[in-house]
Amino acid sequence: MRLIQSSNCKYDGHFDLKYPFYILLCKYYSHDEPNPDARFNLGYVVITLALFGLILLSVIPTMFYGSSTMIVQPAVGQPEDPFPVPSNETLTPAQRSAREQLLKQEGFSVNVLARNLSAPLNILYGPDDTLWITERIGKNITRIDPINGTKLSSTPVLNVHQSAAQDGLLGMTFDPNFTNTHHIYVAYTYDEDPGEELDRRTKITRFTYDPATNTISEPMDLISGVSGSSDHNSGRMTFGPDGKLYYTIGDQGKNQLALFCSNNRAQHLPTAEQVAAKNWTAYEGKVLRMNPDGSIPDDNPEINGVKSHIYTYGHRNAQGISVGPNGDLYIAEHGDNSDDEINRLQVGGNYGWPYVSGYNDNKAYQYYNWSAPENCEDLTFNDVAPAPPGVPVRNESEFNAPNFVPPIQTFYTVESDYNFTNHTCGEMASVCYPTVAPSSLRLSLLVLTAVLFT
Ligand SMILES: [Ca+2]
Ligand SMILES: [Ca+2]
Ligand SMILES: [Ca+2]
C-alpha cells in the first residue's frame with residue numbers, strides 16, 4: 001500500500017497506461033471542463049484509478065520492491081496469494097518508464113506506508129483517525145496508523161469463504177454514530193451449503209467492535225443469501241445522508257470469461273413473490289438501499305410495480321461509492337473493454353448495462369448475449385472478435401428505456417474502429433484497453449491529500 005498525494009491532476013484524455021497494477025489517486029477538476037452536472041462542480045472528485053483494480057488488490061505484496069520504505073513487516077502465516085503476478089522487477093523498462101513518467105506528469109509524490117497486506121480491498125479513514133482495511137484473501141480487518149504505517153490491529157472475520165479472484169472479505173463502512181455504537185457493517189462471501197458443495201453467497205453483517213480487545217462480536221445479518229461469485233461482486237457500501245445503507249452488487253461477471261454461459265441479470269427485476277420469499281437472485285448488477293437492520297425502506301422506489309432493496313439497476317461492477325458534497329451518491333464502475341463510468345445515482349435509474357456501455361452512442365460496444373444459444377458451452381469466449389453464429393448481437397441504440405441514466409464521465413469512450421488487438425501487453429491484453437478500472441471513489445469539499453494505495 002502506498003500513500004499517494006496529488007498536488008495537481010486533471011484527466012482530459014486517454015492515459016497511455018501501458019503497465020499493469022498501478023493506482024492513482026487524483027483530484028478531478030471538473031471546473032476545467034464544463035460538466036453537464038453543475039452540482040458536480042461543487043467539489044473535488046477524488047478518484048482512485050487502477051488498471052485491473054481487483055487484480056492489483058491481490059498483488060500489493062509483490063509490488064514495487066526496491067523503491068519504497070517497508071514499514072509493516074511481513075505477517076507470519078499470512079495466506080498465500082493464489083493469484084500471484086509479476087513483481088516490479090519483471091516489468092519491462094518501457095513499463096517502468098511509463099510509470100515514472102505518469103507520476104511526474106500528475107504531480108504525485110509516493111511513499112509506501114504499509115505492505116504485506118493480504119489483498120486489501122476496501123480502505124477507509126476511520127472515525128478513530130486510523131486506516132481500516134479489509135483484506136479480501138486474509139479475511140481480516142486491519143488497522144494501520146496513517147502517519148507511520150504501524151499495524152495497530154488485525155481482526156479476523158469468521159465464516160468468510162474465499163477461493164477465487166474476487167471473493168472473500170469485501171467492503172465495509174462505519175455506523176454514522178460509530179463513536180457511540182462501535183458498529184461496523186461488513187460484506188463478504190460465504191458458503192451457504194453445509195456439505196462439501198460450494199454455494200457461494202454474499203451477506204452483509206453488522207458487528208460491534210471492541211477497541212479494548214480489537215475484536216468484533218454480536219453479529220447481526222442485515223441480508224444474506226445474496227448472489228456471490230468468483231467475479232464482479234462489487235461489494236462496496238456507504239451510509240447516505242438519509243441514514244440508509246447503500247450497497248453495490250456487481251453483475252457477478254456473468255456473460256463473460258469463465259461465466260460466459262450464465263445469463264447476465266443486471267436488467268432483471270424481482271417479482272413481488274420473490275421479494276416476499278427473500279429470493280434475491282435478481283439483485284445482480286444493482287445498487288441496494290436498506291435500513292440499518294437490513295429491511296426494505298418504505299420510501300424505496302417501486303420499479304415495475306415492485307418495491308425491493310433495489311435503488312438503481314443496470315450496473316456492471318461498481319467498485320466505488322461515495323456521498324457528494326450536496327448529499328447525492330456517486331459510484332465508480334468498471335467498464336468492459338472501454339467506458340469505465342462515474343455515475344450519479346438517481347432513484348429508480350437504469351444505468352444501461354449490459355445493453356449500453358458508457359453513453360448510448362453505439363461506440364465500440366455491442367451486447368453479445370453469449371448465454372442465449374443452447375450450445376453456448378461449445379463456443380469459445382472472445383471479447384474482441386465478432387460474435388460467432390448463434391450469439392445474438394444488440395446495438396446500444398436498440399435500448400430506449402425512459403429511465404436510462406448516462407454516466408457523468410467515462411474512462412474512456414473510443415470510436416468503433418478502435419483496435420483492441422493492437423497492443424503491446426502480451427498475454428495481459430486487457431491492460432492496454434482504454435479503461436482504468438476505478439477501484440474507489442471519494443468526493444469532498446476538502447482537498448484530500450491522503451489516500452492510498454496500490
Ligand atoms: Ca459447502
Ligand atoms: Ca452505465
Ligand atoms: Ca456506449
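Modeller: Start with a loop: Asn 116 lies in the one between strand E4 (108-112) and E5. Bear in mind that this is a predicted model.

Colleague: Okay, zoom out. How many helices and strands are in the protein chain?

Modeller: Four helices and 25 strands.

Colleague: How much of the chain is buried?

Modeller: Buried residues are 45% of the 454 residues in the protein chain.

Colleague: And what share of the contacts is between residues 24 or more positions apart?

Modeller: 65%, counting contacts in the protein chain with a separation of 6 or more.

Colleague: Back to E5. Which sheet is it in?

Modeller: An open sheet of four strands, ordered E5-E6-E7-E8, with antiparallel pairing.

Colleague: Which strands stand at the edges there, and why?

Modeller: Strand E5 (120-125) and strand E8 (151-156). Each has a single partner strand, so one side of each has no neighbour in the sheet.

Colleague: What's the average twist?

Modeller: 20° from one strand to the next.

Colleague: How many bridges join E6 to E7?

Modeller: Four, between strand E6 (residues 131-135) and strand E7 (residues 140-144). The two run antiparallel. As for a specific pair, Trp 132 has Arg 143 in E7 as its bridge partner.

Colleague: New topic. What is the strand order in the sheet with E13?

Modeller: E13-E14-E15-E18. That one is also an open sheet of four strands, and the pairing is antiparallel.

Colleague: Which strands are at the edges, and why do they count as such?

Modeller: Strand E13 (234-239) and strand E18 (310-313). Each has a single partner strand, so one side of each is left without a neighbour in the sheet.

Colleague: And how far are neighbouring strands turned against each other?

Modeller: 15° on average, direction ignored.

Colleague: Take me across it. How many bridges join E13 to E14?

Modeller: Five, with E14 covering residues 245-249 and the two strands running antiparallel. Arg 236 stands opposite Thr 248 in E14.

Colleague: How many from E14 to E15?

Modeller: Five again, and those two run antiparallel. Here Tyr 247 faces Leu 288 in E15.

Colleague: And how many bridges for E15 and E18?

Modeller: Three, in the antiparallel sense. Lys 286 stands opposite Tyr 313 in E18.

Colleague: How many residues of E15 are buried?

Modeller: Five of its five, across residues 286-290.

Colleague: Which residues sit on which side?

Modeller: Lys 286, Leu 288 and Met 290 are on one side, with Val 287 and Arg 289 on the other. Both faces of E15 are covered. As background, side chains in a regular strand alternate between the two faces of the sheet.

Colleague: Why does His 232 count as buried?

Modeller: Because His 232 has 27 C-beta neighbours inside 10 Å. Being buried takes 20 or more.

Colleague: Cis bonds next. What is omega from Trp 353 to Pro 354?

Modeller: Near 5°, and the peptide bond is cis. Pro 354 is in the loop between strand E21 (340-344) and strand E22 (366-368).

Colleague: And what about the bond joining Phe 411 and Tyr 412?

Modeller: Also a cis peptide bond, with omega about -5°. Tyr 412 lies in the loop between E24 and E25.

Colleague: Where is Val 436?

Modeller: In the loop between strand E24 (409-411) and strand E25 (440-444). Val 436 counts as buried because it has 26 C-beta neighbours inside 10 Å.

Colleague: How far apart are Val 436 and Asn 337?

Modeller: 99 residues in sequence, and 10.0 Å in space, C-alpha to C-alpha.

Note on methods
Residues are numbered from 1 along each chain as its sequence is written. Chains are lettered from A and ligands numbered from 1 in the order in which they are written. This is a predicted model: local features need pLDDT of at least 70, side-chain atom pairs count only at pLDDT 80 or more; totals for chains, interfaces and linings use all residues. Two strands pair if DSSP finds at least two bridges between them. Axes are lines fitted to C-alpha atoms, for helices over the stretch in contact, and angles run from 0 to 180 degrees between N-to-C directions. A residue is buried if 20 or more other C-beta atoms lie within 10 Å of its own, exposed if 12 or fewer, and partly exposed in between; C-beta atoms are placed from the backbone. Two residues are in contact if their C-beta atoms, placed from the backbone, lie within 7 Å.
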